Amino acid sequence: MAIISIIAAAGTNNEIGRQGGLLCHLPSDLKHFKAITSGHTIIMGRKTFESLPAGSLPNRRNIIISRNKDLQPEKAEVFPSLDYAQVKLMNEEEVFIIGGAQIYRQAIEFADKIYLTRIFASFPDADVFFPEIDKSVWKEIARETFMPDKDSNSAVAFSFVEYIRK
Ligand SMILES: NC(=O)c1ccc[n+]([C@@H]2O[C@H](COP(=O)([O-])OP(=O)(O)OC[C@H]3O[C@@H](n4cnc5c(N)ncnc54)[C@H](OP(=O)(O)O)[C@@H]3O)[C@@H](O)[C@H]2O)c1
């Protein structure tokens with residue numbers, strides 16, 4: 001059975017996006033995301049796929065969850081549900097749920113692991129949110145914190161946090 005991991009970046013109030021896009025540009029987080037997901041299968045909602053500036057992400061099998069049977073994206077496959085994805089991908093080692101809010105909300109019910117970048121800033125105009133991480137269900141197993149740093153182009157502090165289901 002594949003390990004199902006969620007990967008997300010959220011503000012202090014669980015904000016993850018606004019107007020169909022991300023909240024801020026955090027190069028260190030993009031690098032972290034690439035390092036963790038490269039070589040693996042990534043699963044995303046149709047709206048997140050449409051938000052990607054250059055379409056499917058390279059060096060990864062891209063799966064889009066959509067009810068639209070007519071969708072024919074380039075370099076990506078369309079699955080009709082997360083249940084279908086779980087069955088089809090069960091022989092993989094680890095698959096990554098990369099958003100957005102609708103997909104996180106459903107996947108957090110059955111995922112095994114969460115890689116969360118906690119951005120220490122709030123975004124009042126956010127319109128999509130990561131679900132609350134219930135501490136009675138999820139155990140923090142790693143945390144690495146970075147202060148704002150001109151050299152790495154990060155204007156805000158953030159932590160890479162990992163949780164596993166208890
Ligand atoms: N900060 C982060 O880590 C992060 C990561 C990813 C995305 N985001 C942000 O999140 C926002 C997008 O999130 P969102 O919640 O609006 O959309 P989303 O979750 O990316 O996509 C929603 C779409 O997924 C499909 N879908 C959802 N549940 C389904 C189900 N059970 N069965 C079949 N299809 C299903 C539907 O597609 P159809 O309508 O085609 O049927 C639905 O409209 C953007 O602002 C993006 O930038 C942030």
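Analyst: Before we start, a residue counts as buried when its relative accessible area is under 20%, as exposed when that area is over 50%, and as partly exposed in between. Please keep in mind that this is a predicted model.

User: Is Phe79 buried or exposed?

Analyst: The relative accessible area of Phe79 is 5%, and the cut-off for a buried residue is under 20%. Phe79 therefore counts as buried.

User: What kind of aromatic pair do Phe79 and Tyr84 form?

Analyst: A search of the whole structure finds six aromatic pairs. In the pair of Phe79 and Tyr84, the ring centres lie 4.9 Å apart and the planes stand at 80°. Planes over 60 degrees apart count as edge-to-face, so the pair of Phe79 and Tyr84 is edge-to-face.

User: And how are the rings of Phe146 and Phe158 arranged?

Analyst: Phe146 lies in strand S9 and Phe158 in strand S10, twelve residues apart, so that the pair links distant parts of the chain. Their ring centres are 5.2 Å apart with the planes at 20°. Because planes under 30 degrees apart count as stacked, the pair of Phe146 and Phe158 is stacked.

User: Which strands are the edge strands of the open sheet?

Analyst: The open sheet has eight strands with mixed pairing, in the order S5-S4-S3-S6-S1-S7-S10-S9. Each edge strand pairs on one side only, and the edge strands are S5 and S9.

Methods. Residues are numbered from 1 along each chain as its sequence is written. This is a predicted model: local features need pLDDT of at least 70, side-chain atom pairs count only at pLDDT 80 or more; totals for chains, interfaces and linings use all residues. Side-chain values use heavy atoms; hydrogens and water are left out. Two strands pair if DSSP finds at least two bridges between them. Helices (H or I, at least four residues) and strands (E, at least two) are DSSP runs, numbered from the N terminus. Rings of Phe, Tyr and Trp (its six-membered ring) pair if their centres lie within 6.5 Å; planes under 30 degrees apart count as stacked, over 60 as edge-to-face and the rest as tilted. Buried means under 20% relative accessible area, exposed over 50%, partly exposed in between (1.4 Å probe, protein chains only).
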